[in-house]
Amino acid sequence: MSQKHHQAYQPLPTAAAAMDNPAMSNSSSSSGSNDDVASSEPLGLPATYSSQQLVTSDFDSMERLRGNESDPAPRSTTASQWFTVGVLCFVNLINYMDRFTIAGVLTEVQSDFQIDDDSAGLLQTAFVVSYMIFAPLFGYLGDRYSRRWLMAIGVALWSTTTLLGSYMQQFGWFITFRALVGIGEASYSTIAPTLISDLFVNSLRSQMLAMFYFAIPVGSGLGYIVGSKTAHLANNWRWALRVTPILGVIAVVLIILIKDPKRGQSEGTQHMEPTDFRTDIKELLKNRSFMLSTAGFTCVAFVAGALAWWGPKYIHLGLKMQPGNEDLKLDDVSYKFGLVAMGAGLIGVPLGSFLAQRLRHRIENCDPYICAIGLFISAPMVFLALIMPTLSGTLCFIFVFAAQVTLNLSWSIVADMLLYVVLPTRRSTAEAFQILISHALGDAGSPYLVGAISVAIKGHLSSQPKMISPQGLQSMSQVLENATETVTEGLKEFAKASSSEDVISFEALQYSLFSTTFVEVLGGIFFLCTACYVISDRRKATQASMGLRLAPGESKTRQDLFDSDCLVMCTDIALRERA
């Protein structure tokens with residue numbers, strides 16, 4: 001090894017200190033390094049933020065030499081950090097409550113505005129379209145300006161527009177205000193995960209992201225429950241939209257109180273400067289792990305959006321076809337659907353994070369594999385859930401629960417993958433780009449697409465002629481006259497039931513929702529492809545954040561130097577422990 005690279009570690013009093021802060025391996029005079037060294041134990045790792053490495057693959061060998069297979073022990077989480085994570089989780093919860101409140105009262109909304117399934121689906125599509133259009137703007141701002149104030153302004157905007165929209169009497173104005181809600185929510189969703197990434201890394205980051213993202217299915221479930229029950233108590237669906245704005249005012253105050261950490265603080269890369277927006281986009285497009293995981297997550301968003309929007313109404317139509325359920329109300333079904341969604345979120349999101357943390361030491365690229373397996377299991381569960389409402393309500397909700405648990409496995413994992421394959425200074429942009437793609441091709445169009453297919457199928461089913469008309473039966477011979485009359489009456493009753501509006505609506509919506517199972521399989525394939533590149537892309541992100549930018553002609557040489565530096569630290573630790 002060259003003397004230059006070996007000298008980088010000589011000034012350090014302990015090898016543990018060098019390991020604790022990778023930035024110190026490039027400069028012994030790094031800011032704050034002397035304080036860390038002075039307070040460190042001779043043989044133990046000092047408990048600091050920087051001991052949580054962005055990438056552990058090249059440093060795991062050091063831990064094995066110490067007889068420790070797990071991640072370096074992070075410093076105990078401070079009260080300020082817990083407060084920040086708690087506020088972000090709370091805002092994410094009410095964020096998704098607001099999104100799916102209308103789904104819990106969708107039938108009442110359709111009756112009030114006299115709209116069909118396609119226009120009802122357009123309500124959610126208009127919201128998500130504005131959300132995805134403004135996400136890149138807030139991603140750009142989030143990498144360069146105060147994230148705390150951007151989030152506060154965004155939450156205030158969507159709370160105000162949600163409240164004003166509840167008073168609109170014309171469908172055109174109502175859908176306009178729903179679109180404005182998307183602008184406010186775009187500011188929060190693109191920025192909040194990057195705050196967590198700048199406070200934590202490794203397993204602690206994964207745990208905090210799991211807390212943040214399990215608020216999505218739980219919040220969605222609360223949206224159904226709060227929306228349907230509030231509408232029932234007030235006898236007016238518009239009051240369902242007036243709950244989250246009150247919580248939004250509280251959220252704005254709490255956001256102002258949190259601290260905005262420096263970008264890259266947890267990895268010790270505060271020195272990094274953001275690049276221009278064009279460079280950020282070009283680098284993200286070349287990041288194969290990021291692009292493929294975004295494609296897989298787009299399929300997740302497509303399925304989640306379609307099932308969340310149409311699920312309560314579809315199950316309601318199916319259960320009403322069972323004898324004795326003719327007077328079943330939608331708010332009852334929405335309440336049960338919300339409970340199932342909450343339970344699936346409480347289990348699915350943390351389960352995905354737990355599996356990833358347990359398997360990473362044995363399978364370094366296990367993250368995309370977990371996402372893929374989850375989608376492959378979810379697809380048949382969705383199919384079974386779609387054919388069960390007319391047969392058994394209990395079995396239907398059981399399969400819905402299983403489908404959502406396995407679908408939710410990917411939420412926190414995809415976010416974690418984005419954070420460790422993308423540089424700290426372009427993470428908000430990456431979040432915005434992922435939101436743009438996943439919503440543009442995912443849940444922005446899936447509610448409207450499913451509704452439009454349902455309307456087309458409904459028109460086709462309504463125009464179908466009867467298989468056996470009474471006139472055809474009356475032409476049978478006199479020998480079978482009595483039997484024919486009996487069969488004719490039965491067929492008339494069957495034809496009457498089959499041509500009813502509820503039955504046709506149910507069948508049309510069922511056929512259109514079957515498309516989600518194929519999309520889930522496609523998403524699983526994208527995640528399997530991600531597994532081929534995630535290790536190399538993760539290593540590149542680590543090297544770039546540590547200042548080891550590889551030129552095209554020196555990739556092999558610089559990689560060898562990087563590995564040699566790690567070997568020096570490993571050897572130094574082993575010799576000191578033997579002594």
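Reader: Before anything else, what does "buried" mean here?
Author: Buried means under 20% relative accessible area. The model is a predicted one.

Reader: Fine. R360 and D416, then: buried or exposed?
Author: Both R360 and D416 are buried. For R360 the relative accessible area is 18%, so R360 falls under the 20% cut-off.

Reader: What do the side chains of R360 and D416 do?
Author: They meet in a salt bridge, at 2.9 Å from N to O. This pair links distant parts of the chain, 56 residues apart. R360 sits in the loop between α15 (330-359) and α16 (366-387), while D416 belongs to helix α18 (residues 410-421).

Reader: Which residues are joined with R360 into one network?
Author: D367 and D416, through salt bridges that share partners. The R360 and D367 side chains meet at 3.0 Å, N to O. D367 has 0% relative accessibility and counts as buried.

Reader: How many salt bridges does the whole structure have?
Author: A search of the whole structure gives six. One of them is formed by E283 and K286, with their closest N and O atoms 3.3 Å apart.

Reader: Where are E283 and K286 placed relative to each other?
Author: Both are in helix α13 (residues 277-286). Because they are three residues apart in that helix, about one helical turn separates them.

Reader: And is that pair buried or exposed?
Author: E283 is partly exposed, at 34% relative accessibility. K286 is exposed, with a relative accessible area of 57%.

Reader: New topic, the nonpolar core. Which residues touch the most other members?
Author: M151 and I315 do, in the largest nonpolar core, which has 121 residues. Helix α14 (residues 288-320) gives the most to this core, namely 15 residues.

Reader: Why would nonpolar side chains be found together like that?
Author: In soluble globular proteins, such side chains tend to be buried together.

Reader: Back to M151. What is in contact with it, leaving aside neighbours within four places in sequence?
Author: M151 is then in contact with L88, S187, Y188, I191, A192, L195, I255 and I258.

Reader: How many cavities of 30 Å³ or more are there?
Author: Eight cavities of that volume are found in the structure.

Reader: What lines the largest cavity?
Author: 37 residues line the largest cavity, and Y96, I216, F297, A304 and W411 lie nearest its centre. Helix α14 gives the most to this lining, with seven residues.

Reader: How do the lining residues of the largest cavity divide by class?
Author: There are 23 nonpolar, 11 polar and three charged residues in that lining.

Reader: What volume does the second largest cavity have?
Author: Its volume is about 140 Å³. The second largest cavity is lined by 13 residues, and L307, F337, A385, L386 and V400 are the closest to its centre.

Note on methods:
Residues numbered from 1 in each chain as written. Predicted model: local features only at pLDDT ≥ 70, side-chain atom pairs only at ≥ 80, totals over all residues. Heavy atoms only, no water. Salt bridge = Lys/Arg side-chain N within 4 Å of Asp/Glu carboxyl O. Helix = DSSP H or I, 4+ residues; strand = E, 2+ residues; numbered from the N terminus. Buried < 20%, exposed > 50% of the residue type's maximum accessible area, 1.4 Å probe, protein only. Core = buried A, V, L, I, M, F, W, Y, C linked by side-chain atoms within 4.5 Å. Contact = heavy atoms within 4.5 Å. 1 Å grid on protein atoms, 1.4 Å probe; cavity = no way out; pocket = protein on both sides within 12 Å on 5 of 7 lines; lining within 4 Å. Points joined across faces, edges and corners; volume = space filled by probe spheres on them. Nonpolar A, V, L, I, M, F, W, Y, C, P; charged D, E, K, R; others polar.
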